[in-house]
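Thanks for asking me to look this one over. Please have the sequence and the model open side by side as you read my notes.

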Amino acid sequence: MSPDETLQALGDVEHPGDSATWTNEAGTVRLVVEVHHDEDASINDYESDGRISHYVSHRDGHDPRPEGFTGRARKLEVDRSGFVWWEPYAEGGWWDGLNVAQQRAEAQRIADLVQSGFVGVSLDRQTKCDQGHWHSEDVASLWGIDSLAGGYMREILVDLLAEVSV
Ligand SMILES: [Zn+2]
């Protein structure tokens, strides 16, 4: 099989629940890629995304910052779950070099990520037995992915394809 052809067939998945299948010409080997929700991954696992904390609004309108959060922290609106506190990156880091529009865009990316969550990608290499069933031979996966957009899915696939020894 040509790698390009495989990537073409499998690389067009992006959201949890998406899947794609590629079967070789002889009909004896197939690859199934699936995108999953990654419930275990959190923004707080990755220093590069800053830190979030649940937002608690008090009746008197006093909304204290979470412990350890500084004056740099922002309240981000997240559609379904209301607000979260977000502390951007360490002081003096690249965040401070962003202009207002860039900071707003980055804050929006984080808000979107809080809402949609992280994803995982699995690749299952299956072979067909004499009775015509597909049996899983090897599975590789990658988790804690913030976005599969912008060609990243293909990069992941290249790695996963190497792992299931296609
Ligand atoms: Zn069988």
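1. First, the ground rules. This is a predicted model, in which local features need pLDDT of at least 70, side-chain atom pairs count only at pLDDT 80 or more, and totals for chains, interfaces and linings use all residues. Numbering starts from 1 along each chain, as its sequence is written.

2. The protein chain falls into domain 1 (3-39 + 117-163) and domain 2 (43-116), with bounds taken from an automatic or database domain assignment. Over C-alpha atoms, the centres of domain 1 and domain 2 are 33 Å apart.

3. Now to the open sheet, where four strands run in the order β1-β2-β6-β7 with antiparallel pairing. Strands are DSSP runs of E, at least two residues, and helices are runs of H or I, at least four, numbered from the N terminus; two strands pair if DSSP finds at least two bridges between them. β1 (19-23) and β7 (134-145) each have a single partner strand and stand at the edges, so one side of each has no neighbour in the sheet. From one strand to the next, the twist averages 15 degrees. β2 and β6 are joined by 10 bridges, and Asp38 stands opposite Phe118 in β6. Helix α1 (residues 3-10) packs on the sheet, touching β1 and β2, and its direction makes about 150 degrees with that of β1; axes here are lines fitted to C-alpha atoms (for helices over the stretch in contact), with angles from 0 to 180 degrees between N-to-C directions.

4. The largest nonpolar core has 13 residues, and those touching the most other members are Val33, Val119, Val121, Leu123, Leu157 and Leu160. Such a core is a set of buried Ala, Val, Leu, Ile, Met, Phe, Trp, Tyr and Cys residues joined through C-beta atoms within 7 Å, buried meaning 20 or more other C-beta atoms within 10 Å of the residue's own, with C-beta atoms placed from the backbone. At least two residues of this core come from each of β2 (29-38), β6 (118-128) and α3 (152-163). Apart from it lies another core of five residues, including Ile52, Val84, Trp86 and Ile110.

5. Finally, β5 (residues 82-87). Four bridges join it to β3 (residues 51-54), antiparallel, and Ile52 has Trp86 as its bridge partner in β5.

How values were computed. Buried ≥ 20, exposed ≤ 12 C-beta atoms within 10 Å, placed from the backbone. Contact = placed C-beta atoms within 7 Å.
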